[in-house]
Amino acid sequence: MTKLRNFLFMGLFGAASVVNADECALEIEGNDQLQFSLSELSVSKSQCENVTLTLKHVGQLPAQSMGHNWVLTETANKDDVATAGIDAGLENNYVPQNDDRVLAATTVIGGGEETSVTFSTAALTTDGDYSYICSFPGHSAIMAGKLIVTE
Ligand code: CO
């Protein structure tokens, strides 16, 4: 009986570990209507040393006309990063290069495509104010959300 209990406990413990790993993998969609599927994402610093964000473009329009990316910045920098991203151009995925204000960024994708970025949570703080945007020209005012960082 004790052996069976231990076996069951190990089984539950193993399942819990898998759940924790999944929490370090975030997913969000963008569509042809200029929308992200979520206005808020959350990540735990203690459970996730690194986070992988996957962006799926569920629309059909090409990247040149309805491109989407996922760019993480402090909320205070979000508009400036979007403006700098326009200058950077599509060849740089509308992301200013070597810019400390960019905390993480994916490539720009079109309909039917997906992209991901893995970033460390080490520099993120629980009292920080973080936003993600699509920095494709004209999108960031609508395609934006908050990243909540928990302990
Ligand atoms: Co977009």
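Colleagues, the model before you is predicted; local features require pLDDT of at least 70, side-chain atom pairs count only at pLDDT 80 or more, and totals for chains, interfaces and linings use all residues. Residues are numbered from 1 along each chain as its sequence is written, and side-chain values use heavy atoms, with hydrogens and water left out.

I begin with the metal. The cobalt ion is coordinated at 2.1 to 2.7 Å by Gly67 through O, His68 through ND1, Cys134 through SG and His139 through ND1. Donors here are N, O and S atoms within 2.8 Å of the metal (3.2 Å for Na, K and Ca); water is not among the atoms, so sites may look incomplete. Along the sequence, the donor residues follow the spacing G-H-x65-C-x4-H.

Why is the arrangement irregular? The four donor atoms subtend angles of 75 to 127 degrees around the cobalt ion, which makes it so. For reference, four donors count as tetrahedral if all angles lie between 85 and 135 degrees; four count as square planar and six as octahedral if opposite donors are over 155 degrees apart and all others between 65 and 115; anything else is irregular.

Gly67 is buried, at a relative accessible area of 0%, and His68 is buried at 0% as well. Buried means under 20% relative accessible area, exposed over 50%, and partly exposed in between, with a 1.4 Å probe and protein chains only.

I turn to strand E7, residues 130-133. Strands (E, at least two residues) and helices (H or I, at least four) are DSSP runs numbered from the N terminus. Both faces of E7 are covered: Tyr130 and Tyr132 on one side, and Ser131 and Ile133 on the other, are all buried. Strand E4, residues 71-74, pairs with E7 in the antiparallel sense over four bridges, pairing being assigned if DSSP finds at least two bridges between two strands. Val71 has Ile133 as its bridge partner in E7. E7 also pairs with strand E8, residues 144-150, in the antiparallel sense over four bridges, and there Tyr130 stands opposite Leu147.

Next comes helix H3. Which of its residues are buried? They are Lys78, Val81, Ala82, Ala84, Gly85 and Ala88. These residues cover an arc of only 170 degrees around the axis, which puts them on the same side of H3; the arc is that of the directions from the helix axis to the C-beta atoms. The buried residues of H3 pack against E4 and E7, where contact means heavy atoms within 4.5 Å. Just after H3, Gly89 takes a positive phi of about 85 degrees.

There is also an open sheet of three strands, in the order E1-E3-E6, with mixed pairing. E1 and strand E6 (114-120) stand at its edges, each with a single partner strand, so one side of each is left without a neighbour in the sheet. Strand E3, residues 50-57, and E6 pair in the antiparallel sense over seven bridges, and Thr52 stands opposite Thr118 in E6.

Finally, the backbone. Most residues other than glycine have a negative phi. Leu34, however, has a positive phi of about 65 degrees; this residue lies in the loop between E1 (25-30) and E2 (40-44) and is buried at 18% relative accessible area. Asn98 has a positive phi near 50 degrees, in the loop between H3 (78-88) and E5 (104-105), and is exposed, with a relative accessible area of 83%.
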